[in-house]
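Please read them with the model open.

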Amino acid sequence: MVSLFIFAFATRLISLFFAGGFDSVLGYDDGVYYSATTAFNHGLIPYRDFVLVHPPGILYLLTPFTWIGSLTTDAFGFYLARVFFMLLGAISVVLIYRLGSRWNRTTALVAALFYAVWMPVVRIERTPYLEEIGILATLISIILILEGKNPRRALIISGMLLGLATSTKIWYAVSVVALTLWLAREKRIKDALVLGATSVATFFSLTAFFIWKAGSRFFDLVLYAQIV
C-alpha cells in the first residue's frame, strides 16, 4: 500500500508539473477558496461580506495554510496547500485498495490503479478543491462502517466525517443519505439514526457561526445557488 501511495502522489505531482508547476493556473476555484479563507482570517464574513457558493468547510481546512502564507508569502502557503491535497488524493487511492481487498487483491489493485491515474480525478487532486474532502470522508466512512471494531464509535466518527464533507460541499449530503439508507436496509435502524444524526449535528456545528452572521443569505448562496 505504501507503493500505491507513492505512485498516486507522484502521478498528481508530475501532472502538476506538466501543467506548469506550483505556480500554474489550473482553474479559478482553488484560488477562490484560498482567497476566501484569507479574507475570513482577516475578519470578513463569507456569504455576508463576499460571495461564496459552498459551505465553509474548506475555510477551516485551508486556514493553516493561509496562516503560513501570512508569515511567509501567499504563494508558499498555496504551494503547501497543493501538496496537502495531493496527499489526501493519494490516501484515497490506498483506501480504495483496502476496500477492494474485501473481495480480492486483483480487484483492489485494478480499482486503486484506475483511480490513481484517471485524469479527471488527477486534475482535481493536485490542488485545493472540495472533492478531495468528500471522496476521502466517504471512503473512510464506508470502511469504518464495515470494519469498525467498536461499531458505535465507528458510526459516530463516520457521521462526523460525512458532516465535514457536507459542510464542505453540500452535494455530499447524497453520501449521508445513501449510507443511512444502506444501514436501514440492513436492518440496522439504530445505526442509521446515529449516522444520520451525527452527520447533521456536525454540519450545523461547522456552519452555525456563518448562518448566525449571514442569515438567509447563507442558504441563498449554499442551497439556492446550487440548484439554479
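1. Helix α9 is followed by lysine 187, whose phi is positive, near 65°. Helices here are DSSP runs of H or I of at least four residues, numbered from the N terminus. Lysine 187 sits in the loop between α9 (173-185) and α10 (189-214). Most residues other than glycine have a negative phi. Lysine 187 counts as exposed, because its relative accessibility is 74%; exposed means over 50% relative accessible area, buried under 20%, and partly exposed in between, with a 1.4 Å probe and protein chains only.

2. A word on the source. The model is predicted, so local features need pLDDT of at least 70 and side-chain atom pairs count only at pLDDT 80 or more, while totals for chains, interfaces and linings use all residues. Residues are numbered from 1 along each chain as its sequence is written, and side-chain values use heavy atoms, with hydrogens and water left out.

3. Tyrosine 47 also deserves a look. Phi of tyrosine 47 is near 75°, a positive value in a residue other than glycine. Tyrosine 47 belongs to the loop between α2 (29-41) and α3 (57-71). Is tyrosine 47 buried or exposed? With a relative accessible area of 0%, tyrosine 47 is buried.

4. Back to α9 itself. The 13 residues of α9 should span 18 Å at 1.5 Å a residue, and the end C-alpha atoms are 18 Å apart, which agrees; the expected span is 1.5 Å times one less than the number of residues. The buried residues of α9 are Ser175, Val176, Leu179, Thr180 and Leu183. Seen down the axis, these buried residues fall within an arc of 125°, so they line one face of α9; the arc is that of the directions from the helix axis to the C-beta atoms. An α-helix has 3.6 residues a turn, so residues three or four places apart point the same way.

5. What do the buried residues of α9 pack against? Their partners are α7 (131-147), α8 (151-166) and α10, where contact means heavy atoms within 4.5 Å. The face of α9 turned away from the buried side carries the exposed residues Val174, Leu181 and Arg185.

6. Helix α5 can be read in the same manner. Its 13 residues should span 18 Å at 1.5 Å a residue, and the end C-alpha atoms of α5 are 18 Å apart, in agreement. Within α5, Ala108, Ala112, Tyr115 and Ala116 are buried. They cover an arc of only 100° around the axis, which puts them on the same side of α5. Thr106, Val110 and Phe114 are exposed on the other side of α5. The buried residues of α5 pack against α1, α4 (74-100), α6 (119-124) and α7.

7. There is a nonpolar surface patch of about 300 Å², made by Phe7, Leu109, Leu113 and Val117. Patches consist of residues with over 30% relative accessible area and no salt bridge, with like charges joined within 9 Å and nonpolar side chains (Val, Leu, Ile, Met, Phe, Trp, Tyr) within 5 Å. Accessible areas come from the Shrake-Rupley method with a 1.4 Å probe, and for residues only the protein chains shown count as cover. Helix α5 (residues 105-117) gives the largest share of the patch, 3 residues. Phenylalanine 7 is in helix α1 (residues 2-18) and counts as partly exposed at 38% relative accessibility.

8. How many salt bridges are there? The count comes to 9, a salt bridge being a side-chain nitrogen of Lys or Arg within 4 Å of a carboxyl oxygen of Asp or Glu. One of them joins arginine 82 to aspartate 30, with the closest N and O atoms 3.1 Å apart. That pair links distant parts of the chain, arginine 82 in helix α4 and aspartate 30 in helix α2, 52 residues apart. Both arginine 82 and aspartate 30 are buried.

9. Another salt bridge joins the side chains of arginine 48 and aspartate 49 (3.0 Å, N to O). Arginine 48 is partly exposed at 41% relative accessibility, and aspartate 49 is partly exposed at 37%.

Key: Helix = DSSP H or I, 4+ residues; strand = E, 2+ residues; numbered from the N terminus.
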